[in-house]
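This report looks at how selected side chains are placed and packed in the structure shown below.

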Amino acid sequence: TGKPILGICRGIQVLNVAEGGTLYQHIDGHRQTPTPGTVTEQPVKITEGSMLHALTGQTDLLVNSFHHQNIKDLAPTLEIDGVSEDGYIEAVHMENHPFFLAVQWHPERMYSITARGNAASGKVIFEYFISLCEKQAKVLTKLSLPITLTNVSLSITHSIEAAAIPLYLHKSGLTTSEAISV
């Protein structure tokens with residue numbers, strides 16, 4: 001459809017399976033620590049020349065880890081953008097799609113983190129994603145189609161909806177009732 005798609009955490013898993021891939025059902029050591037408010041971090045090697053590399057300009061990112069499942073067999077339509085030190089796929093994109101990026105971590109929780117060379121990678125990912133959603137909304141407006149979050153961008157999964165939807169609505173000048181068709 002050409003609609004911008006951003007998969008987060010479970011989103012990368014769902015998108016991979018939907019495209020024909022498989023998952024590891026449980027991986028020890030890949031989950032949030034048992035102490036509330038603390039986060040397990042892991043380094044991810046970013047594939048040079050990938051979509052994620054082009055967005056962040058980084059070849060190494062330190063990312064959070066809240067998952068215990070991971071991609072096992074990569075779907076044939078996806079390409080690897082990042083791999084953890086222990087060899088698990090952490091980021092993918094789809095070639096020949098305007099914006100299809102999925103990451104195993106939570107970039108919304110890295111929105112302002114600039115420590116350890118991350119260059120606020122979460123912010124970069126979201127700003128680009130939102131700019132593409134805005135362009136999609138302009139195209140829909142020119143075609144006299146209703147601007148709804150379904151038409152524009154609602155391809156994100158997991159906990160990011162709470163952060164991305166208000167930010168998108170604010171930037172687009174829409175109210176919730178104007179933007180969401182039930």
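## Asparagine 16

In this predicted model, asparagine 16 is part of helix 1, which covers residues 10-18. With a relative accessible area of 0%, asparagine 16 falls under the 20% limit and therefore counts as buried.

When neighbours within four places in sequence are set aside, the residues in contact with asparagine 16 are Gly21, Thr22, Leu23, Ile71, Asp73, Leu74, Ala75 and Leu78.

## Nonpolar cores

The largest nonpolar core holds 21 residues, and the members that touch the most others are Leu6, Leu52, Val63, Phe99, Leu101 and Trp105. At least two residues of this core are supplied by each of strand 1 (5-8), strand 3 (40-46), helix 2 (51-56), strand 4 (60-65), strand 8 (100-103) and helix 3 (121-142). Helix 3 gives the largest share, with five residues.

Another core, of 12 residues, lies apart from this one, and Ile12, Ile71, Leu78 and Met94 are among its members.

## Aromatic pairs

A pair of aromatic rings is described by the distance of the centres and the angle of the planes. The count for this model comes to three aromatic pairs. One of them joins tyrosine 24 and tyrosine 88, with 5.5 Å from centre to centre and 90 degrees between the planes, an edge-to-face arrangement. Tyrosine 24 belongs to strand 2 (residues 23-24), whereas tyrosine 88 sits in the loop between strand 6 (78-84) and strand 7 (89-94), so this pair ties together parts that are 64 residues apart in sequence. Tyrosine 24 has a relative accessibility of 32% and so counts as partly exposed.

Phenylalanine 99 and phenylalanine 129 have ring centres 5.8 Å apart and planes at 40 degrees, and the pair is therefore tilted. Because phenylalanine 99 is in the loop between strand 7 and strand 8 while phenylalanine 129 is in helix 3, the pair ties together parts that are 30 residues apart in sequence. Both phenylalanine 99 and phenylalanine 129 are buried, and together with Tyr128 they form one aromatic cluster.

Methods:
Residues numbered from 1 in each chain as written. Predicted model: local features only at pLDDT ≥ 70, side-chain atom pairs only at ≥ 80, totals over all residues. Heavy atoms only, no water. Helix = DSSP H or I, 4+ residues; strand = E, 2+ residues; numbered from the N terminus. Buried < 20%, exposed > 50% of the residue type's maximum accessible area, 1.4 Å probe, protein only. Contact = heavy atoms within 4.5 Å. Core = buried A, V, L, I, M, F, W, Y, C linked by side-chain atoms within 4.5 Å. Phe/Tyr/Trp six-rings, centres within 6.5 Å; stacked < 30°, edge-to-face > 60°.
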